[in-house]
Amino acid sequence: MHLIIPYAAINSEGFADAMRHLQLPNLQKLLTRLSPLPLDVGDESSLTPPHERTLARALNLNAGDGQFPWAARQAQRLGLDSAGSAWAFITLCHWQINTGHVTMSPLPQLPQAESDELRAAMQPYFAEDGITLHAYEAGCWLAQADIFANLASASPDRVIGRNLQAWMPESKQAAPLRRLQNEMQMLLYTHPVNDARDAHGLAPINSVWFSGTGALPANYQAPDAQTQPLVLDTLRDAALANDTATWLKAWQKLDASEIAVLLQSATSGQRIQLTLCGERSSQCWHTQPQPVWQKFKHIFSSQPLHSLLEKL
């Protein structure tokens, strides 16, 4: 059993104060029963956030920053012809123009019919560049084309709420995608779907984002489903919305539910792993046979929780 918790720590002043007052009794008890692995050190400017790096390692996916082929993996899981093919996620989004910079925000739930209508409208433009669009989820599609091979792209989790300029792909290979992005912005500006959204007071869909780019390694086989980690996104929405109060409540709820179950499993002798991920780094703990003296050492030398979280 391996749980991965993204956004266990947030690198901002407001969240730093909240972490100092965070009370998670089950997590603190659990960590005294587990042994830490080396810290996975990173920085908040990487294209791939720590929780995606952790998941990739567990799934035997080795790639450079921003090149973990999440879309290709999803295409394989859906039974699409992904052998050797390069894929990407295309996510519909809202770009907010601010003074001196542009930020991206996620869309509220989009009806499937509207998502399909927009995909049909965009497909001819993408086809001109050899890109085929496949339905995936409302507001997010799978795209298949050679252009996505070995292309680095930023995860939406990195981009939401931040200045887009730092995350735009600048390579020569990405030039056709930047042009397509501009064309889609013009198409969306006058599309009837946005007229209907405006009538209901909803933010317009005014751009797209490319992510999860790349191809799966030849003959790639994912680990058995029962051994794959579980990613808990309980803290994600509040973190991306910079909502400290909701993030604290979500952590406390997580501590009383999934963390409590994990503690019970560890107490009963089951083998478990827990990975806490921040915006820069991640820390994994796992069960490991320990002498009695070392167990007491862990208990009496355990760090305050906020000290552990501030390293992430």
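Is Arg179 buried, exposed or partly exposed at 34% relative accessibility? In this predicted model, Arg179 counts as partly exposed, because a relative accessibility of 34% lies between the limits of 20% for buried and 50% for exposed. Its partner in a salt bridge is Glu183, with the closest N and O atoms 3.2 Å apart. Glu183, at 22% relative accessibility, is likewise classed as partly exposed. Both residues belong to helix H7 (residues 175–189), where a spacing of four residues means that about one helical turn separates Glu183 and Arg179.

A search of the whole structure identified nine salt bridges. Among them is a pairing within helix H5 (residues 112–127), in which Arg119 and Asp116 are three residues apart and therefore separated by about one helical turn. The side chains of Arg119 and Asp116 meet at 3.7 Å, N to O. Arg119 has a relative accessibility of 21% and so counts as partly exposed; the value for Asp116 is 30%, which also places this residue in the partly exposed class.

A further salt bridge joins the side chains of Arg53 and Asp40, at 3.3 Å from N to O. Arg53 and Asp40 are both buried. The two residues also take part in a network of salt bridges that includes Arg57.

Note on methods: Residues numbered from 1 in each chain as written. Predicted model: local features only at pLDDT ≥ 70, side-chain atom pairs only at ≥ 80, totals over all residues. Heavy atoms only, no water. Salt bridge = Lys/Arg side-chain N within 4 Å of Asp/Glu carboxyl O. Buried < 20%, exposed > 50% of the residue type's maximum accessible area, 1.4 Å probe, protein only. Helix = DSSP H or I, 4+ residues; strand = E, 2+ residues; numbered from the N terminus.
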